[in-house]
Protein chains: 2
Amino acid sequence: MYSFDEILDIVNLEIEKISYNHYTPKTLFDPISYILSLGGKRVRPALSLMACNLYQEDVTPAIPIALGIEVFHNFTLLHDDLMDRADVRRGKPTVHIKWDDNTAVLSGDAMLIEAYKEIAKVNPKYLLPILDLFSVTATEICCGQQLDMEFEKRMDVTIPEYIEMIRLKTAVLLGCALKEGAIICGADDADADHLYDFGIKIGLAFQLKDDLLDVYGDAESFGKRIGGDILCNKKTFLLINALADESAKRELIGWFDKKDFIEAEKIKAVTAIYDRLNLKQKSEKLITEYYEKAIVCLKQINIDDSRKKILYDVAESLMFRNS
Amino acid sequence: MYSFDEILDIVNLEIEKISYNHYTPKTLFDPISYILSLGGKRVRPALSLMACNLYQEDVTPAIPIALGIEVFHNFTLLHDDLMDRADVRRGKPTVHIKWDDNTAVLSGDAMLIEAYKEIAKVNPKYLLPILDLFSVTATEICCGQQLDMEFEKRMDVTIPEYIEMIRLKTAVLLGCALKEGAIICGADDADADHLYDFGIKIGLAFQLKDDLLDVYGDAESFGKRIGGDILCNKKTFLLINALADESAKRELIGWFDKKDFIEAEKIKAVTAIYDRLNLKQKSEKLITEYYEKAIVCLKQINIDDSRKKILYDVAESLMFRNS
């Protein structure tokens, strides 16, 4: 079995091998190479290979899935950044800033097609179920992004609605990565489904942790500026909970309505509201619940526990990360 | 065998059956239903069914291809209209006008995924070649749109470059529609390739005819305003040829540089340049050449000529149409 670092090495090597250098017109493909080169955690392709590695030593069959999912994920970042008017991604200018809006639209489209091309390289025996789950997941992620954008304009988003949104926008791709990595190695349906559910639970915990780190993280290790979500009034688990408190809601709306303010002051004031309402603890409690549910899913997989250790470790590191 | 009208009836019925009514969020899927409901010639799905119908009476196996290609084509219109800032499509407001830019981006993405879902419904025996050709074609169409946008900023576009652009942007999808309709019915490689080449030739002739109708068509039957390409300085076959003439180029650049002008006067003046250079005749000559090449491809298909009559008729009607 591979270690996590060895899995990541394989992922990074395979992503480096993807080259659009000989594709023309260059203006269409350069942004694809650019966003892929920015790196990121690459946890999704790693999950596909780890799921495959539960069943066999050779992870080669899962590589097209790993690449298809990572290319797809980066396509969603490219188009999401355009829609969210985000200027920076992983410390670098986003595609619509470095090039322009039309380039971001069209290169994104071409990138989605490239994701399908990677997926199509799987063992033909499993092409249909792999393709179907990939497409269903892709649609769900679009739904998640749509809900996320709609939530911006709403003040009455509920916690169940929020959890459903992050399930769609974030969790299903982790579930898909794991399940497809298992399917391609001939795992039975029950195992594949448990891996999918494991992915959903760690995906939900992962996103809740992300929301938390945005407020309570260490700026240097988080890699993003602290308080970014607060400044753009993003409907996170923390904010939705705070809006359910009448006095906090009045104070928050005061900040939303302000045109001129010192950013640090807004971040400090909103964080103080979260502190007062014990939302850090509430959030950590829910993260732990999802983490424990994830562990239950993992236990149910009909494989010797020693082979699952890498996935236990991944779940733990995603939960207890500081960045 | 089905008549052309019967084929179109099947296509229209099948497109009407596609429903996203039960999909949520509605804001994501309503634009997809909207653009599909606007109609259009639906020549691409019809070509898939006609290619299938060369080989067998039952065209059902080609329906997922027909739908996938039509959904894909409408996805390209949705995103192209956004990139081109076009307000009107088939007499109705475009998606980014009726909704907004972000909706156009994300609904378009969801629509591209829906196209793949339709394609995935083909007989699994042929899924891989059908999927591969579909993806290659989809990439080519993105390349064509990218070149088209780049040509807007260039004054030195050559005729071979233009022909390559319309091959990518328009012709390859006709080729793909035909070839996949044949593959799904078990046609041999040679026949499938001849059908593809037939599609390329009629596609090129089709686009050249479109350029011509934009200037010399009858406003009422063409369905678009005459001179639209002239007003936005679109690098068509006519304009590229005119720019190759030094005196015409000076006059044309004068019009390009004008900020204030009466639209009808510009259309009249540019049309007069085209007339002076005999570009209508030059264009018609090239259209006829492609039409004749298309007929040669059709002749080479190893099927009784009587079954091919419908495709001869389609080629003729696309060439000699007034709208």
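Here is a short chat about how two chains sit together in a predicted model.

Tutor: Before we start, residues count from 1 along each chain as its sequence is written, and chains are lettered from A in the order in which they are written. As this is a predicted model, local features need pLDDT of at least 70, side-chain atom pairs count only at pLDDT 80 or more, and totals for chains, interfaces and linings use all residues.

Student: What pLDDT does chain A get?

Tutor: pLDDT is the predictor's confidence in each residue, from 0 to 100. Chain A has a mean of 95, and 99% of its residues reach 70 or more. For the complex, the predictor gives an ipTM of 0.96 and a pTM of 0.96.

Student: Why is helix 13 of chain B said to lie largely in the open?

Tutor: Helices are DSSP runs (H or I, at least four residues), numbered from the N terminus. A residue is buried if 20 or more other C-beta atoms, placed from the backbone, lie within 10 Å of its own. Of the 12 residues of helix 13 of chain B, 1 is buried, so this helix lies largely in the open.

Student: How do you know that its length fits a helix?

Tutor: The expected span is 1.5 Å times one less than the number of residues. For the 12 residues of helix 13 (residues 246-257) of chain B that should be 16 Å, and the end C-alpha atoms are 17 Å apart, which agrees.

Notes
Helix = DSSP H or I, 4+ residues; strand = E, 2+ residues; numbered from the N terminus.
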